[in-house]
Each structure stands twice: as C-alpha cells, then as structure tokens.
Amino acid sequence: MKLEGVEIVRIAMPLVGAFRTSFGTEAVRETILLRAVTDEAEGWGECGAGEAPLYSGEHTDGAADVLRRHLIPALAGVADLDAHSVTPALSAFKENRLAKAVLETAILDADLRARGIPLSYALGAVRRSVPSGVSIGIADSVPELLDTVGQHLAEGYLRIKLKIEPGWDVEPVRAVRERFGDIMLQVDANAAYERGDIDDLLALDAFGLSLVEQPLPADDLLGHAMLGRRLATPICLDESILSARSAAAAIELGACRIVNIKPARVGGYLEARRIHDLCVAHGVPVWCGGMLETGIGRAANVALAALPGFTLPGDTSASARYFREDLTEPFLLVNGHLEVPTGPGIGVTPDPDRLAEVTVAREWVPVR
Ligand code: NPQ
Ligand code: MG
C-alpha cells in the first residue's frame, strides 16, 4: 500500500451536556480526525486528545503539530506500508501515544478496507454486540445526579460509572446505591486522590462497587498496589496503563485487578489487543474505556470491545449520550448493547454534510 497523504480535519462537536471530571469541564469536543489516502483505499481515525492537556499530557493542537511535522512525514520512507508497519516506523518518537494511535488507526482502516476485512474480525472479535455502560460527570447536586442516573437506567444502560473527586464521593455513591439498589455501579477518580486520602477511598468499600478506577496519579503504580492491599473494592487502572509493558508491571505488582483499555491511550488498536491478550492470560478482566468519541472513534472501540476478554460493560455508550447529531450513522442502545459494525475497516465514514458543519480547519499533509 502506498500512502499519498493524510488530511488533518479539526472538528468542534457540541456535547449534549457539559461533562465534568476531576480535571475539568468539557462542553465541546474539540479534536482532530485523520483521513489517510493510499493508492488502494482511504482510512479514518479519531484522536483521543482534548483541547487542553488535562486527561494526559497531550492536547489536540499539539497532537496535530506532532502529526504534521514528525509522525506523518516518518511514513514517507516505509516500503509496502500496512497497519503493522506504522508503530515501528514511529518508534524513534517518544510518548505522543494519542497522536500515534490516530495515525495507526487511519492506516489500519485503509489497510482493512483495501482487503475487505472488518476491524472486529481482524482483532479477533467473538460478539456481534457489546454490553454498554455510561460514564456520568460530577453534578451540581445529588438530586440532579439521581435524575441523570435514572434517565440512563431507563434507557437501558447496564452499568453506571460515576466520576468522583475529593468532596464528591461517598455522598453521591451512597445516594445512587440507596435510590437504585443493586445496579452495577463503579467510580472513576481520574487520579484525583493522593496516598494520604486513603480513608476517603476505604469508605467507598461500604457500597459494593464493581471497581474504583484510577484513584491515584498515573505514575504511582506502587501506591495503587499498597492501596489494593487494604481496599476490598477492585482497583481498575486507566491513566497508568500506557502499554503492554506497563500493564504487565501493574498486574505483577498487584496494582490493579481490572484494566480499562483505551486504544488511544496505548498508541493504537494493535497494542490494545496485546494488553487484552496479556490480561486474559492473567485472568484480569478488561473493559473498553472512552474519550468522548464521535461515531468514527466509537466504531473502532466497539469492534475491540467484542473481543473475548472484554467481560465487563464499557464506556461504549450510544451516540446520543454525547451528541445530538453524530458524524456517522448513530450508534443506538438496543437492550443495553451496541451493535458491532460489519463493514470493512471501522465500518463507518463521516457524513460529508455533518462533517462540514463541525469542521474548523482542514489541512492536507502530502507524503512523498
Ligand atoms: C475516563 N472518559 O475514563 C475518560 C475521561 C475523559 C468517558 O469517562 C476530552 C478528552 C474530554 C478526553 C473527558 C470517560 C475527556 C477525555 C473525559 C477523557 O477517564
Ligand atoms: Mg478513566
């Protein structure tokens, strides 16, 4: 396959409601899509970065810059480019996993479309639909939170994840448990706690949570291992897991009993599958996280979530959870599940009119 160039499409998609986490509030999803143009097919990918470097060290314009100046040009010299040659060609560049992931995904999509193979099949999927959970932001009040949770349960979501931070943890969790009884319930701190906050975290053991996600800073694997010896609730890591190597270290150290796999965070779907395989071998359940994706990123996540080790509902919510109008045919919640796309590659493309409405800038980066 010969890469002719990559279009960087910067988009701004209004969210249906502001999404508040311990690191900030998002009202508009500002990211980039890549359209990789090859001599055989075109492929799409969506970047996980946000407008500011609050979830991780990457941000949208930084990712666009490293893509245009370093990553895309590095593919010029690759003979017989395919999905598996992208990461090796980028290996000299440190970090920047969100940027690397979107480029690998766009090439992977083009590669699979050229071969007529769905991403789900290429990755080893075993399900036609995936169980769906929903991630709920920090609310202004407990009654408001209870309304939101009630709506999502009525829509059919199979598990609820509450964002927490110091000062918004035991009270909302207790209120949701008391109101809604024996639902599948978990929390995500996005690294907002410190080792000294252990009493706040131990207090969550009273509520039968499925897991506590990323309570401590990303680089504190040891702290998570120490916390895990005292906490009855399983710890799940998100921000700490950057590669199969860091997943192996976390498991060996006892830093987590469950892993959130986000392909963007680990540099792409191929590394994501390695982490899945590693976790399966160790008996560690995994689930697919989310980065407020449009249908482009969501389609690929749903394909991954259909692999056998994804035994817990993911943050793979329906399009309507985030957007009044998606870029693709909307993903719908049917009996608490999303259908896995069946077409070649990621199986979806942006609707041209809808894409034009939300496009802020387009830039063609030729590869020669
Ligand atoms: C998480 N996602 O699991 C993330 C956090 C997150 C669905 O809870 C812009 C870019 C906004 C990345 C908001 C969910 C974001 C973002 C939230 C990541 O930790
Ligand atoms: Mg998380």
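This is a predicted model: local features need pLDDT of at least 70, side-chain atom pairs count only at pLDDT 80 or more; totals for chains, interfaces and linings use all residues.
Start with where the ligand ends up: ligand 1 sits in the largest cavity. Around ligand 1 there are 20 residues, and the ones that come nearest are Ser 135, Lys 161, Lys 163, Asn 190 and Gly 290. By residue class, the shell around ligand 1 is made up of nine charged, six nonpolar and five polar residues.

Domain 1 (3–116 + 351–366) and domain 2 (120–339) each give the shell around ligand 1 at least three residues. As for secondary structure, at least two shell residues come from strand E2 (24–38), and at least two from strand E6 (159–163).

Next come the polar side chains. For Asn 190, a polar side-chain atom is 2.7 Å from an oxygen atom of ligand 1. Lys 163 has a side-chain N or O atom 3.0 Å from an oxygen atom of the ligand, and for Lys 262 a polar side-chain atom lies 3.1 Å from a ligand oxygen atom.

Note on methods. Residues are numbered from 1 along each chain as its sequence is written. Chains are lettered from A and ligands numbered from 1 in the order in which they are written. Side-chain values use heavy atoms; hydrogens and water are left out. A residue is near a molecule or strand if one of its heavy atoms lies within 4 Å of it. A polar contact is a pair of N or O atoms within 3.5 Å; within protein, one must be able to donate a hydrogen and the other to accept it, and residues adjacent in sequence count only if both atoms are side-chain atoms. On a 1 Å grid over the protein atoms alone, a cavity is a set of points where a 1.4 Å probe fits but cannot get out, and a pocket is an open set with protein on both sides within 12 Å along at least five of seven lines; lining residues have an atom within 4 Å of a point. A molecule sits in a cavity or pocket if more than half of its atoms lie within 2 Å of its grid points. Helices (H or I, at least four residues) and strands (E, at least two) are DSSP runs, numbered from the N terminus. Ala, Val, Leu, Ile, Met, Phe, Trp, Tyr, Cys and Pro count as nonpolar, Asp, Glu, Lys and Arg as charged, and the others, Gly among them, as polar. Domain bounds come from an automatic or database domain assignment.
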